Amino acid sequence: MSKLILIAKDLYREYYGVQALTGASLQVEEGTITGLIGPNGAGKTTMFNCLTGVVPAEKGTIVFNGTNVTGWRPERICSIGMVRTFQIARGFPSLTVLETLLLHGDRQPGESVIRSLVSQKSWTAREQELEARAHKIATRLKLDHLLSNMSSDLSGGQKKLLEIGRALMGNPKLVLLDEPAAGVNPTLVGEIAERILELRGSGINFLVIDHDLELIARICNVVTVMAHGTHLTTGSYEEVTSDPRVQDAYLGLAA
């Protein structure tokens with residue numbers, strides 16, 4: 001039986017009297033790409049925000065890789081290997097692609113007068129490790145020829161790949177991808193799909209929100225459907241899309 005790397009159970013979250021999550025639950029098995037789909041307003045992004053500590057859940061529990069992370073701050077959750085991307089790739093327009101990747105490396109040595117005088121050797125060694133990782137990740141994502149380019153000059157699809165690269169610099173066990181295909185040229189959507197599949201093969205787990213159901217069908221082993229702030233069903237893409245409850249949630253009528 002596969003290990004569950006993420007278990008979210010009975011999460012609740014309210015915004016100004018509106019219930020965004022109403023007892024929502026979710027599981028991610030190790031070694032999978034899990035899709036999270038549902039109509040607009042289903043609570044998918046709120047689920048991501050609660051899982052990663054951006055917004056605390058008001059009730060419920062979140063267990064990641066065997067550790068109860070309920071109520072943890074985002075940086076603490078990130079430090080143990082759960083990281084996310086965002087639907088709109090912002091970044092820092094004044095940084096190059098390489099500098100952007102380096103900025104998001106884990107265990108940053110930091111800079112100070114004392115550190116530069118006392119521990120320059122270890123500080124320099126860690127910077128070299130991070131730079132080597134940045135080059136490796138950029139090559140894997142087919143961004144190596146753009147390392148010296150300004151991140152703001154990338155195309156929409158390249159910015160999405162850079163978002164994934166930023167997440168990978170944190171040495172994650174689970175990456176939460178928020179709309180990786182949104183606003184991307186269809187040709188580059190295929191490129192993004194290929195890179196995600198390759199990364200899964202190297203041992204990285206993914207939880208993916210996207211409205212591009214072709215992408216979800218292509219890359220996801222398991223798909224969870226949310227509606228009205230809670231879990232509706234889980235199964236293969238074929239199983240969930242043939243479920244009348246899912247069709248009703250998307251289309252407003254039962255097939």
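Mentor: Ala, Val, Leu, Ile, Met, Phe, Trp, Tyr, Cys and Pro count as nonpolar, Asp, Glu, Lys and Arg as charged, and the others, Gly among them, as polar. The model is predicted: local features need pLDDT of at least 70 and side-chain atom pairs 80 or more, while totals for chains, interfaces and linings use all residues. Residues are numbered from 1 along each chain, and side-chain values use heavy atoms, without hydrogens or water.

Trainee: Which residues lie nearest the centre of the largest pocket?

Mentor: A pocket is an open set of 1 Å grid points where a 1.4 Å probe fits, with protein on both sides within 12 Å along at least five of seven lines; lining residues have an atom within 4 Å of a point. The largest pocket has 17 lining residues. Those nearest its centre are Cys-78, Val-83, Arg-84, Phe-86 and His-104.

Trainee: Which elements give two or more residues to the lining of the largest pocket?

Mentor: That lining comprises 7 nonpolar, 5 polar and 5 charged residues. The contributing elements are helix H2 (74–79), strand S6 (82–84) and helix H6 (156–168).

Trainee: Where does the largest pocket lie relative to the domains?

Mentor: Domain 1 (1–81 + 172–255) and domain 2 (94–166) each supply residues to its lining. The largest pocket therefore lies between them.

Trainee: How many residues of the second largest pocket's lining are charged?

Mentor: Its lining includes Arg-133, Lys-136, Arg-140 and Lys-173. The lining also holds 5 nonpolar and 3 polar residues. The number of charged residues is 4.

Definitions and conventions
Helix = DSSP H or I, 4+ residues; strand = E, 2+ residues; numbered from the N terminus. Domains from an automatic or database assignment.
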